[in-house]
Amino acid sequence: MMELRWGAKSTGRAVLLAGAAWLALACTAQAQQPLVTIPATPAPSPAVDDGLGDTGYYLESDLLIRDDANQKMIARGDVEARYQGRTLRADEVVYDTKADVVTAHGHVTLINADGTAQFADDMTMDKDLKAGFARGFSARLDKNIKIAADSAIRRSDTIQELNQAIYTPCEVCAEKPKPTWSIEADKVVQDKKRHLVYYHGATIRMFGAPLMYLPVFWHPDPQAQRSSGFLTPKLGVSKRRGVSYQQPYLFAISPSQDLVLTPQINAKVNPFLNAQYRKRFYSGAIDVRAGGTYDKDFDNHGDRFGQATAKSYILARGLFDIDQKWKWGFTAERASDALIFDDYDINDVYQTRGQFTGDDHRLMSQIYTTRQDKRSYFSASVISVQGLRVVDVDRATGLGNKFENSGAFPLIGPMLEGRWEPESHVLGGRLRLQGSGVMLNRSESQFGEPPYNYLDYKGKDGVDSVRGTLQGDWRASLVMGPGVRIEPFAQARGDAYKVSDVFLPVTAMTAGDTTNINSSRALGVVGVDLSLPLYRPLKNGGSIVLEPLVQLAAGSNSSRVPIIVARGPATAAYPEGVPIYFNEDSTNFELDETNLFDVNKSPGFDLYEGGTRMNVGGRATVKLGDGRGGSLLVGRSLRTKVDPLLPTRAGLDQKASDWVVAATITPIRGVNAFTRARFDDDSGKLNRIEAGLDASVSRGFGSVRYLRDNKDTSGLRQENLDFVGDYKIRENWGVTALGRLSYQDGAAFPVNGLPSKSQWSWTRRDLGVYYKDDCIRIDVIYQNEDRYTQTTSGLQLKSDESVVLRLTLATLGDTLYSD
């Protein structure tokens, strides 16, 4: 036996040639896979370069013994070995060269290149790590996962076991000796091939108290990139469905696709199955949500009636790259029952999935392709809409007569849009050429549906149309004198329409006759934008900018395409004898700061703003060095003559429009407010206001929105208040709130031909309490929302109350999409 000694902690400790053989073998084994780590440690990140390279190693100890007789190498006293970014520390390390077994004793620590660590009193392994054993084992892994066990056994490359083990991702320290939650088990088995961790005799503890005992329990390996298993469940109680439990399960089909099945078990009604499938291709991805059940209709109390039918929905999207410039995509949104999303609490329905977005309670299916480069853009699309809104509500009974007739919505397509800009300037300015075209086809006439309700058109073929547009825009910019900014502009546009299957009233021709209308128009405008920004710097690093704004424009008259003359039964919005104009894309016309200085304020093509006008205003902006600031814009539109073709609600049809006011302010860091309003030109009366406040502090955030419109696009008063907030009242406890208070205009719900009583009502109220720390979140949420429900008498608006419990445990799965 040969014994070599060095002074303790001496910097003269060297790389030992005598220990090269056993260290290379031992560290090579460590580099292959950490010993008995449950869950598996992820692939190491690149280590800091210590000069050892991929094959070099480093060893230091107080004593190194080479026992030639027993074919062993022994290192004792503060042993530290480094190899390929890993560090092994122990009181003693023994390598049996004959048996190819490496044993570490006393305060064993293995630190991997990614920072994770394993600890044990003793570790024994073969050089290939195909078998191994550890006593007094513990580990600290990625995601703050901590594991401890009496013993650990590695039986193969894919199977590892822990005996009398505890698993937790929560903080454990002297001040908090009991983790928020943990799993204790007689035996834990990690199956790396299946990416699962199995528990035998498992007890789930919360705050140290036993919560549930499970003879057998398993979950996905938290350290695996993707693995099948249960996700966070959702438990709720509501009037409609009683106790409801949803348990998602994730199937990791392949590295590029997965499937989540979520059965919803209800106490009062039949189960409902939700599914979500996702797949990523080399050129794009698809995401499909679908669900269904077989059940009768049921009312707000869960009482079922009528015949059982199949109910289903699909919400799908996809987007793919054809090449660097071309893309194509699709959405598929359909429901067999208009109340399916409300009845079964299906969330995140009305979202942007494709190129175009539908309104609330309307589904939009589309297929489209786009091409874009630096100078041009082109798109082609086909769109279909399904309406799910309730119309013709009787306020006296609270019953709705029917849902929207989707046949009265047009099939849009093909719809083509394109634009191109030459690389060089034309006449000193930017030239843009645009073209668009669209075909609209209806199976039923929209004039037989609300808000028209013309009996002559009930059940008749819908109005079909074709529109083609060519447009050229030119704009230049120059600065003169003391900073006057001058931007001359010109626009020329030509439209061609063909409107088919226009059903004529019985007084005009023989009942049931239709006609086709061909129309074309040439439109144009020239003008100039003038502004004079006045800038003043502030001492604290901020600035003040005052900017008067003027736009002068003159051109062709305003234009619409008339198609029929309205007749009974007349409504306030459509009196008898007044022409009905073709207007498919310009109904939601609002005058505010976003379009006050637009050349054409109309949001679409069918309505064109013309005539001679002047838009005037002023803008002030203040910015302080500490981030505070604000802005204010005041303006209006002036015309040389009254224009009856423009909307009356904003005063654009008169010589002077309403006053437009918009303001933003940041009084302190983390608080932002805005408002936009319209004031009557003659009386100064507030016609429309929209305001909001957002606040974010260290303990939470809040948001408030208020909207009042004395006369919206339907001719009714609209007013509502929305708010949402999240505030942490203590370190781990918080409250959440969400609500909407709405004004119900009695004119929208006539009784015996007269408006009913207008009133305020809550349409949504949510109040929640949650506990949250580093490894758990528990939410209890009370929800109260007005929803339509089927009754034996018809559709009825009722308040639906529910309580939802949501438990999220760190590393044990989470919801795939938001609840």
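For the lining counts below, Ala, Val, Leu, Ile, Met, Phe, Trp, Tyr, Cys and Pro are classed as nonpolar, Asp, Glu, Lys and Arg as charged, and the others, Gly among them, as polar. The model is predicted: local features need pLDDT of at least 70 and side-chain atom pairs pLDDT 80 or more, while totals for chains, interfaces and linings use all residues. Numbering starts from 1 along each chain as its sequence is written, and side-chain values use heavy atoms, with hydrogens and water left out.

**Stop 1: an enclosed cavity**

Select E333, Y350, Q351, R353, F356, T357, G358, D359, R362, M364 and Q366, which line the second largest cavity. On a 1 Å grid over the protein atoms alone, a cavity is a set of points where a 1.4 Å probe fits but cannot get out, and lining residues have an atom within 4 Å of a point. The volume of the second largest cavity is about 60 Å³, a volume being the space filled by probe spheres set on the points, with grid points joined across faces, edges and corners. The lining comprises 3 nonpolar, 4 polar and 4 charged residues. Strand β23 (residues 362–372) contributes the most to this lining, with 3 residues; strands (E, at least two residues) are DSSP runs, numbered from the N terminus. In total, 6 cavities of 30 Å³ or more are counted.

**Stop 2: an open pocket**

Next, select P233, Y245, Q247, L807 and L809, which lie nearest the centre of the second largest pocket, among its 26 lining residues. A pocket is an open set of points with protein on both sides within 12 Å along at least five of seven lines. The volume of the second largest pocket is about 670 Å³. Colour β12 (196–206), β13 (209–220), β15 (234–238) and β47 (794–809), each of which supplies at least two lining residues. Strand β13 gives the most, with 8 residues. The lining of this pocket divides into 19 nonpolar, 5 polar and 2 charged residues.

**Stop 3: the disulfide**

The criterion is a pair of cysteine sulfur atoms within 2.5 Å, and the count comes to 1 disulfide. The link of C170 and C775 is right-handed, with 95° about the S-S bond. C170 sits in the loop between β10 (159–168) and β11 (181–191) and C775 in the loop between β45 (759–772) and β46 (776–791), so the pair ties together parts 605 residues apart in sequence. Relative accessibility is 0% for C170, which counts as buried, and C775 is buried at 1%. Buried denotes under 20% relative accessible area, exposed over 50%, and partly exposed in between (1.4 Å probe, protein chains only).

**Stop 4: salt bridges**

The whole structure holds 44 salt bridges, each a side-chain nitrogen of Lys or Arg within 4 Å of a carboxyl oxygen of Asp or Glu.

- Select R278 and D258, whose side chains meet at 2.9 Å, N to O. R278 lies in strand β19 (residues 272–280) and D258 in strand β18 (residues 257–266), so the pair ties together parts 20 residues apart in sequence. R278 is partly exposed at 30%, whereas D258 is buried at 5%.
- Move to R639 and D643, with the closest N and O atoms 3.5 Å apart. R639 is buried at 8%, and D643 is buried at 11%.
- Finish by selecting E590, E593, D658, R676, R678, R688, E690 and D709, which are linked in a network of salt bridges.

Technical notes
Helices (H or I, at least four residues) and strands (E, at least two) are DSSP runs, numbered from the N terminus.
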